[in-house]
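This note goes through the points that a colleague may wish to check against the coordinates.

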Amino acid sequence: SETSERRFESNPTVCPFCGVGCSVEYAGRGSATGVEGPVNGRGEICPKGAAAFDVVDHGDRLTEPLVEHNGSFVTAPWEEALDRVASGIGEVVEEHGADAVQFFASSNCTNEENYVLQKLARVLGTNNVDNCARLCHASTVAAMSERFGAGAMTNTLDDLGEADCILVNGANPAEQHPVAFRSYILPAVRDGATLVHVDPRANDTTEAADVHLPLRPGTDIQLLNAVAAVLVEEDLVDEGFLAERTTGFDRLREHLADVDVAASAEAAGVDPEAVREAARAYGEADRAAVITGMGTSQHRCGTDNVHALLNLALLTGNVGRPGTGVNPLRGQNNVQGASDVGGLPGVLPGYEPVTDPDARERVAEEWGVEPPAEPGLTEVEATHRFGDEVRAAVVFGENPAVTEPNATAVSSAFDDLDFCVVIDLFETRTAEHADVVLPGSAWAEKSGTVTNTDRRVMRMRPNADLPGDARRDFEILTELGRRLTDRPEEFAYDGPEAAFDELTRVASIYEGMSYEGVGDGYQRWPFDAEAGTGTDVLHAETFATGERTAPLAVVDADPPADDLDAGELTLTTGRVLQHFNSGALSRRSDRLMAMRGEDVLQIHPADAAERGIEDGDRVVASNERGTVEAAADVTPAVREGVAFCTFHYAEPLANALTGDALDPAAKIPEFKHSAVAVEPAADA
Ligand code: SF4
């Protein structure tokens, strides 16, 4: 706010609160305003965007480094804190090797920062670097990369306007990507596109839908196989596309012939006629687009869920044309970019596998050192090994003690580390377990680029100076690179632009991009350096695998990890319009907290009546992993047998209840299906 000593100025930059990437700038009095940008062409923003400055000048901001001393934090000069990091990490590397260190990259920070962080890990000698894409779309990326050769949106937000049918599976864009919903999806629907919404919980997206399939959590494969079976049975497939652009149709057709649509629909808890209606809307459309979110991906069988979804697009020829495709909406403002630039344990910048010797050699030409050949640990795998083979962590702008499943166990695991450094704006739940906390920079204080959900690289520009002794994240990370590795010269950048230029030489999908080229607009990957343009619609002639065809997949249902005992409900966690991720930012906004101050547990009226629960009563949800207490929101919006709460709050900590089961291919946790007992709170 203008009451502080700090200097604010208006400079178009990118909203930090979701992957849509709306352009915003400082508007005085601690507020953001939308400005006409590449995505929000009329300057529209949502309530979170409007509140984005609330965290920037918040009184809780860390303004000096903190070091742990006799069990509590004391402030320390930067030199002392950085020395402590160098010795803490250095000792672990010396004693246990570089693979004993885990790096948490940040989906909420810039491409340049994440590029430097993953380079730091790899120059140090480990591929143990991951970002919270692991917790949201890792399974989507795994399935799409395998079949199509690229894990990002196949199409653009703009070309959704050309769709005749939009199938939204396990996403709630009306609340999670509000400007994308209002500016791209809703206009298509108003123009006549049929909106099919698959979600166990009716929400704002459902209100605009023509067909709602409120499936039982964990039954996506049964439902999607039933849709595929109808497509084949009712001859709604695209024979020409199947012959030219796919393989494996005969095998899939044989498999689908055994799918009893009525029985599968029943297993998924939905009306068979509504399944047929959805299949017809999708199959009869000239152009049909799929939008997919965490309802699809956050399951132990998340990768197979996405495989089943990809079948629908391939069966009907809805790939490679505007208004079609399979489009994962990304959550954080740079979760796409953090992954693009190599913040993942199995791939180098530009998604080149670490196991590919040619890819490692190309990186070595730039860095002077070859990255390790073995894939590193994912986030969740790493926390399971804290105190064992993982002895130290560098946590950059993430809050795993709140966002990871079985979070109470994760919090304790942080205490098993020999050393932990957290770089953040606030003393988060994770920072409480650190040895050193370094005060970093907020979104509005940095320069760099982010990559939004439809692969647009856009510039971030500072709107504020730094509070106290906080430092820019880019400077902190390059300083750590100089202190922790034996190649300090590799981290001597003039600034973020130099790191971006290096990224364009290392990651082929970014080759040819530049700050100048991005300018006030964007450049989209994959970028054609010669033509100087990006590619809007992927897989038009060939798939990104380099093949003309993509395989159809036979997918069998796989039950969730948690069995439901008699009387238990399925807890499914998610997000709401007013909050962001672990809530470390959005819960510090008075205006967002005024809109939604506390979490509630949604429960169906029949389940509530059975338990003697009335709307507003305090209730306890529990299982063997933990207990949470919240007010009951008794509503038919959530299907019978299901309870819903968000993971935005540290109290109640929803992830105290979620389980450790991981998808075998993508290592994504099963946030969408946890068995819980729900009962009135003892003193209610
Ligand atoms: Fe920010 Fe997303 Fe809202 Fe746009 S839609 S203002 S990017 S939170």
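This is a predicted model: local features need pLDDT of at least 70, side-chain atom pairs count only at pLDDT 80 or more; totals for chains, interfaces and linings use all residues.

1. Packing of α3 with α21. Helix α3 packs with helix α21 (residues 473–484) at an angle of about 10 degrees, the two axes lying 9 Å apart. Angles under 35 degrees count as roughly parallel, and α3 is therefore roughly parallel to α21. On the side of α3 the contact is formed by Glu112, Glu113, Val116, Leu117, Leu120 and Leu124. From α21 come Asp473, Phe474, Leu477, Thr478, Leu480, Gly481 and Leu484. Sorted by class, this contact of α3 with α21 contains 8 nonpolar, 2 polar and 3 charged residues.

2. Packing of α3 with α22. Helix α3 (residues 111–124) also packs with helix α22 (residues 496–506), here at an angle of about 70 degrees and with the axes 9 Å apart. Since angles of 65 to 115 degrees count as roughly perpendicular, α3 and α22 are roughly perpendicular to each other. Their crossing is left-handed. Asn111, Glu112, Tyr115 and Val116 of α3 meet Pro496, Ala499, Phe500 and Leu503 of α22. The residues of this contact of α3 with α22 comprise 6 nonpolar, 1 polar and 1 charged.

3. Packing of α9 with α13. Helix α9 (residues 220–233) and helix α13 (residues 272–284) have axes 9 Å apart and pack at an angle of about 60 degrees. The two helices are therefore oblique to each other. In passing α13, α9 makes a right-handed crossing. The contact involves Leu223, Ala226, Val227, Val230 and Leu231 of α9, together with Val275, Arg276, Ala278, Ala279 and Gly283 of α13. By class, the contact of α9 with α13 holds 8 nonpolar, 1 polar and 1 charged residue.

4. The protein as a whole. The protein has 25 helices and 30 strands. Of the 684 residues, 62% count as buried. Among contacts between residues at least 6 apart in sequence, 74% join residues at least 24 apart.

5. Ala308. This residue is found in helix α15 (residues 302–315). Ala308 is buried, because 27 other C-beta atoms lie within 10 Å and the cut-off for burial is 20 or more. Leaving aside residues up to four places away in sequence, Ala308 touches Asp220, Ile221, Leu224, Asn225 and Val555. Ala308 and Ala364 are 56 residues apart in sequence, and their C-alpha atoms are 38 Å apart in space.

6. Glu352. Strand β15 (residues 352–353) contains Glu352. Is Glu352 buried or exposed? With 20 other C-beta atoms within 10 Å, Glu352 is buried. Apart from residues up to four places away in sequence, Glu352 touches Val347 and Ala359. Between Glu352 and Val363 there are 11 residues of sequence separation and 9.9 Å in space, C-alpha to C-alpha.

7. Residues with positive phi. Asp235 has a positive phi of about 55 degrees, although it is not a glycine. Asp235 lies in the loop between α9 and α10 (239–245). With 8 other C-beta atoms within 10 Å, Asp235 is exposed. Lys667 is likewise not a glycine and has a positive phi of about 60 degrees. Lys667 is placed in the loop between β29 (642–646) and β30 (674–680). Lys667 is buried, with 22 other C-beta atoms within 10 Å.

8. A cis peptide bond. Trp525 and Pro526 are joined by a cis peptide bond, with omega of about -5 degrees. Pro526 is found in the loop between β21 (523–524) and β22 (527–528).

Conventions
Residues are numbered from 1 along each chain as its sequence is written. Axes are lines fitted to C-alpha atoms, for helices over the stretch in contact, and angles run from 0 to 180 degrees between N-to-C directions. Helices (H or I, at least four residues) and strands (E, at least two) are DSSP runs, numbered from the N terminus. Angles under 35 degrees count as roughly parallel, over 145 as roughly antiparallel, 65 to 115 as roughly perpendicular and the rest as oblique. A crossing is left-handed if the near helix is turned anticlockwise from the far one by less than a right angle, and right-handed if clockwise. Two residues are in contact if their C-beta atoms, placed from the backbone, lie within 7 Å. Ala, Val, Leu, Ile, Met, Phe, Trp, Tyr, Cys and Pro count as nonpolar, Asp, Glu, Lys and Arg as charged, and the others, Gly among them, as polar. A residue is buried if 20 or more other C-beta atoms lie within 10 Å of its own, exposed if 12 or fewer, and partly exposed in between; C-beta atoms are placed from the backbone.
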